[in-house]
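Subject: Structure handover

Hello,

Here is the structure I promised. Please open it first, then read the notes below.

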Amino acid sequence: MLAVTQLQKSFVSPEGTRVEIVKVESFALAVGAQLALRGESGSGKTTFLHLIAGILAADGGQVVIDGAEMTALGEAGRDRLRAEKIGYIFQTFNLLQGYTVLENVVLGMSFGPRGADRKHAKEMLERVGLGHRLDHFPAQLSTGQQQRVAVARALANRPKLVLADEPTGNLDHKHSREALALIREVCRENGAALLLVSHDEEVLRQFELRRDFADINGALKEAGK
Amino acid sequence: MTLPLIIYRSLRQHALSTVVTAGSIALACGLMLCVWMVKTQSQTAFTQTTTGFDAVLGARGSKLQLVLNAIFHLEASPGNLAWADYEMVKRHPAVKAAIPLAVGDNLRGYRIAGTLPELFEKVEYAPGKKFAVAAGGKFFGAAPDAREAVIGAFAAQKLGLKVGDTFKPFHGLAFDEKNQHEEVFTIVGVLLPTNTPIDRVVWIPLKGVQTMSGHDAKAATDISAVLIQLRTPSAGFMLDMMYNKQGNRLTLAYPVGAIIAELFGKIAWFDQVLTLVAYLVALVAAGSVLASIYNSMSARRRDLAILRALGARRRTIFGAVVAEAACIGALGAAAGLAVYYGLFAGVAGVIRAQTGVVLDLGARHPVLWICPLGMVALCAIGGVVPAIKAYRTPVAETLAPTS
């Protein structure tokens, strides 16, 4: 499903020196697999996910998703591939505040291959327990409910790969467990692979497959040396 | 539905600036339309307002003054001409009809004109349209000493006069309540609206003006002008030669429309200034769209980055911002049509009150769709700069925090 080889990304620091953030020799995720990556803040986890999602362009290396090479595409191609294959759950949910709950999900679908499907969007929201809040705006929802909208939006397009960046970082323990269970369950239902990054041990413990991001990110090892 | 939804929500989120910006566009669009339509319509209306006459004969002087005085009842008469001059031009074989006109008095600011009954009986003030009075009235008769009056529709309405009412004229063309004549005239008819300057005039028998108390007894047979209908257009050039080039005592104003067109030619610079101002206002309005959307870009950056992260292409974002600007332009242009109709109605009312010339509010002109569409296009162009800013929104940097 996901194959990453020799992926590199560096930024120019304010001092003018080039700092390597991500250097992944090899990383893979099978179809339907659910993997948790452990990593501290500032370790480059989000950059790694952005590179996989094509939000950032890599300096070098390859990211192949479901047979399509993200890193070989131009920006428009990456946008298209992201819309078709990837569902992204952000730590801060990144809901569109001026849009209703239903519109957030519909809009998330509209850039994908299936287009805006209000019926399916409603079903997804019902699936995450928000069928009665379709016309509410994000600010009218609790934090946990907002996270569920983000989950519904990320999964409504039936993506092959779901990327979750500290998805429970803003939730308390109870809501965190619930949200995580929901994400994993819906991914399983849809047959989507899940790559979750977190620094929260309780979250990480719930995954059978776990890896340290420090082990796969060569840039961290070199910085450590 | 994606693009309409993004545009709708963005307009709603920035409702105040949307309304203010659309309002400025509405004013610009309405002003441009009003300037254009008043200019073209008044030019057409004034040059076509001949009240059925081809030429005006008067004392030696300005042709424009003669036409304004005798046709539009606006200016003072350039001087008098003798009754014999009227008799002579009337008998000219090229002249179909000649109607004498004597002015010099007013009724509370509305001009009193002395003429013969033939004006109402024989003349068509527009092709196929003859004068008519409202029910219960009649034209004044042929008796030269009759103290009867026929009043134009607009003057009757503004003065509140009807058949059977009486009045005493005031001396001069400007109203001065101290200069009232002794003669009492009775209104015998109210003219049906002609939508010409005639509607603003109070008509009395020619002798009534000529022999009014206080007028110069030596000029009791003089008249102010002769309104002339010609048998053929070429006859006008013949009379022009006779009066204007060979003679030096009288002036023939011919053709009436061309003389008014000359006036518009002389004030063309004023039109151009007005048009320039209207264009500048439109540019400022388009600039306000640019500034309004551009200034709100900081608040929109996150939304745009989220949309990009969801898979929206850069060109989708670019298109959404340009389309939003165009929508603001469309809202403004639609409101601009309402502003135009309001402004135009006001201006047309003033022009009618001052000149009797009626501008048609329902008139169709290509500018009525070209201008609103132009405003939409201009606003869309104004949206390009913020759209470029939106296009360049860095997704990853905007979607903080990172870990």
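The largest cavity holds about 130 Å³ of space. Keep in mind that this is a predicted model. The search of the whole structure turned up three cavities of 30 Å³ or more.

**The largest cavity**

From chain A come A:R82, A:A83, A:I86, A:G87, A:Y88, A:G108, A:R153, A:A154, A:N157 and A:P159. From chain B come B:A309 and B:L310. Three elements of chain A supply at least two residues each: α2 (75-85), β6 (86-89) and α5 (143-155). Which of them gives the largest share? It is β6(A), with three residues. By class, the lining has seven nonpolar, three polar and two charged residues.

**Between chain A and chain B**

On the chain A side, 39 residues make contact, and they meet 25 residues of chain B. The two chains bury about 2700 Å² between them. Carbon and sulfur atoms give 59% of that area. In chain A, the residues that lose the most area to chain B are A:N94, A:Y99 and A:F111. Together they make up 22% of what the chain A side buries.

Now the charged pairs. Over all chains, the search finds 23 salt bridges. Four salt bridges are counted between chain A and chain B. One pairs B:R9 with A:E103, and their closest N and O atoms are 2.7 Å apart. B:R9 sits in helix α1 (residues 2-13) of chain B and A:E103 in helix α3 (residues 101-110) of chain A, so this pair joins two chains. Another salt bridge is A:E75 with B:R308, where the closest N and O atoms are 3.2 Å apart.

**Two domains in chain B**

About 760 Å² is buried between domain 1 and domain 2 of chain B. Of this, 59% is on carbon and sulfur atoms.

How many salt bridges are there between domain 1 of chain B and domain 2 of chain B? The count is one. B:D199 and B:R352 also form a salt bridge, with the closest N and O atoms 4.0 Å apart.

**The largest pocket**

The largest pocket has about 540 Å³ of space. Its lining counts 26 residues. Nearest the centre of the pocket are B:Q48, B:T49, B:Y125, B:A126 and B:T196. In chain B, α2 (15-48) and β4 (124-126) each supply at least two residues of the lining. The most comes from α2(B), with four residues. The lining of this pocket divides into nine nonpolar, 11 polar and six charged residues.

Why does the largest pocket lie between domain 1 and domain 2 of chain B? Both domains give residues to its lining, so the pocket lies between them.

Best wishes

Note on methods. Residues numbered from 1 in each chain as written. Chains lettered and ligands numbered in written order. Predicted model: local features only at pLDDT ≥ 70, side-chain atom pairs only at ≥ 80, totals over all residues. Heavy atoms only, no water. 1 Å grid on protein atoms, 1.4 Å probe; cavity = no way out; pocket = protein on both sides within 12 Å on 5 of 7 lines; lining within 4 Å. Points joined across faces, edges and corners; volume = space filled by probe spheres on them. Nonpolar A, V, L, I, M, F, W, Y, C, P; charged D, E, K, R; others polar. Domains from an automatic or database assignment. Contact = heavy atoms within 4.5 Å. Buried area = accessible area lost by both parts, 1.4 Å probe. Salt bridge = Lys/Arg side-chain N within 4 Å of Asp/Glu carboxyl O.
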